[in-house]
Amino acid sequence: MVSSSFIGSLASRAVFFMSSHIENRADSATYASHTVDGLNALQTWYNRDTGLWDTTGWWNSANCLTVLADFAILDPAASDTLNIPEIIQNTYDQAQKTTVQATKVMTASGLPVSSYTRVSKRAEIGKRGFDNFLNDYYDDEGWWALAMIHSYDVGVRGIGDQQYLQAAMDIFEDMKGGNSTCGGIYWSKVTPYTNAIANELYLSVAASLANRVPDRKDYYLDIAQTQWNWFKSSGLINADNLINDGLTDDCENNGMQTWTYNQGVVLGGLVELSTATGDRSLLDEANTIASAAITHLSKDGILFEGCEPNCGSDGSQFKGIFMRNLHYLQKAQPTDPIKNFLLTNADTIWANNRNDQNQLGGTWEGPYTNATAGTQSSALDVLVAAAAVA
């Protein structure tokens, strides 16, 4: 259960104070310019034949697409220069033709590790060819559903059967079949584990669809409200207002890691649910979780993942997901502390975690070591956020 007494306490006094020490911050246009440079670097990993980004995984590519879509919404002129609408269309088309076999394991430290094998593409897809956005993992599906929703928001509807919102609706129906005995949904179709991220994605997709499919709003909204009511009473949120990785077979908090992305997706879900219902108290609940995460999961005002510097392909994506959703919360309910936190991280990434090719690594406080499409898109989530809120 979210404890509202946390709002305005340690989080707003300690970590947020550290996030305000940088003087002469960049303006929105400068952050947007940095984002363009970073996106150009990201696209050096883009594989037009597969519609995916090399050096990272299947679900990570959905997040790469989402950061492109979010920037396109923010800066349409720059989006056209970067050819983002065409990249969205190409990814929609080509990624569906690329059959990906997925396996996931969890390390002893609780870090998920995904392995994907790409199989030769089929020559054609069916009229409703969304099957290749589906696999055995409901979290993977949720990432692609959100990518399709954000692609829809860009305003590019595609050509032929490229209907992004319909793709998200179809993915959601598959997720809906993953009912867990603890409530909510399972992580996958092959492992009966009730984890936080799949359930946060389920909430976020449902609430997002409620705001975009008027003739089915009641359907999606009922699911989203039921999901949030279950989630906040499930035990996943601990006494520190942090969200642990999942539940035990007995449906108790398993005490595993509080990954940053587990604190993030729920924020975006609550923003969408608040929009759908008009209930702004949901934003207060989101702020409580966000404040707890910033306080407990930062070092000197910079977001830090417990697996650093060796987070692998999956873990290196986590921080950007938190910051992306923190950006959504800041737009819905602006506060100076969160704005300062977003800008401080953006400034630090650009100053300390970048090479001469504008590649961005995974350790945001620096120094730069190496980059992949996953670390790049994760850091770009912060730059997009800074451009939006500066």
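The chain holds 16 helices and six strands, where helices (H or I, at least four residues) and strands (E, at least two) are DSSP runs numbered from the N terminus. This is a predicted model, in which local features need pLDDT of at least 70, side-chain atom pairs count only at pLDDT 80 or more, and totals for chains, interfaces and linings use all residues. Residues are numbered from 1 along each chain as its sequence is written, and side-chain values use heavy atoms, with hydrogens and water left out.

**Exercise 1. Burial and the core**

Task: State what share of the chain is buried, and describe the largest nonpolar core.

Solution. 
Step 1. Apply the cut-offs: buried means under 20% relative accessible area, exposed over 50%, and partly exposed in between (1.4 Å probe, protein chains only). Of the 390 residues in the chain, 61% are buried.
Step 2. A nonpolar core is a set of buried Ala, Val, Leu, Ile, Met, Phe, Trp, Tyr and Cys residues joined through side-chain atoms within 4.5 Å. The largest such core has 119 residues. Those with the most contacts inside this core are Trp53, Trp144, Leu209, Trp228 and Leu326.
Step 3. Take leucine 326 and list its contacts (heavy atoms within 4.5 Å). Leaving out residues up to four places away in sequence, leucine 326 touches Leu267, Ala290, Ile294, Ile338, Phe341 and Leu342.
Step 4. Turn to the whole chain. Among contacts between residues at least 6 apart in sequence, 69% join residues at least 24 apart.

**Exercise 2. The largest pocket**

Task: Give the volume of the largest pocket and the make-up of its lining.

Solution. 
Step 1. On a 1 Å grid over the protein atoms alone, a pocket is an open set of points with protein on both sides within 12 Å along at least five of seven lines, while a cavity is a set of points where a 1.4 Å probe fits but cannot get out; lining residues have an atom within 4 Å of a point. Grid points are joined across faces, edges and corners, and a volume is the space filled by probe spheres set on the points.
Step 2. The largest pocket has about 470 Å³ of space. Its lining has 24 residues, and Asp70, His150, Glu272, His327 and Tyr328 are the closest to its centre.
Step 3. Two or more lining residues come from each of α4 (58-74), α7, α9 (196-210), α11 (260-277), α14 (318-332) and α16 (373-389). The largest share, six residues, belongs to α14.
Step 4. Sort the lining by class: Ala, Val, Leu, Ile, Met, Phe, Trp, Tyr, Cys and Pro count as nonpolar, Asp, Glu, Lys and Arg as charged, and the others, Gly among them, as polar. The lining of the largest pocket has 10 nonpolar, eight polar and six charged residues.

**Exercise 3. The second largest pocket**

Solution. 
Step 1. Of its 16 lining residues, Pro309, Cys311, Ser316, Gly362 and Thr375 are the closest to its centre.
Step 2. Helix α13 (residues 312-315) gives the largest share of this lining, three residues. By class, the lining has two nonpolar, 11 polar and three charged residues.
Step 3. Proline 309 lies in the loop between β6 (302-303) and α13.

**Exercise 4. The cavity**

Task: Report the volume and lining of the largest cavity.

Solution. 
Step 1. The count is one cavity of 30 Å³ or more. The largest cavity has about 90 Å³ of space.
Step 2. It is lined by 14 residues, of which Lys104, Pro112, Asp139, Trp187 and Tyr261 lie nearest its centre. β3 (99-106), β4 (112-119) and α7 (138-154) each give two or more residues to this lining.
Step 3. The lining of the largest cavity divides into eight nonpolar, two polar and four charged residues.
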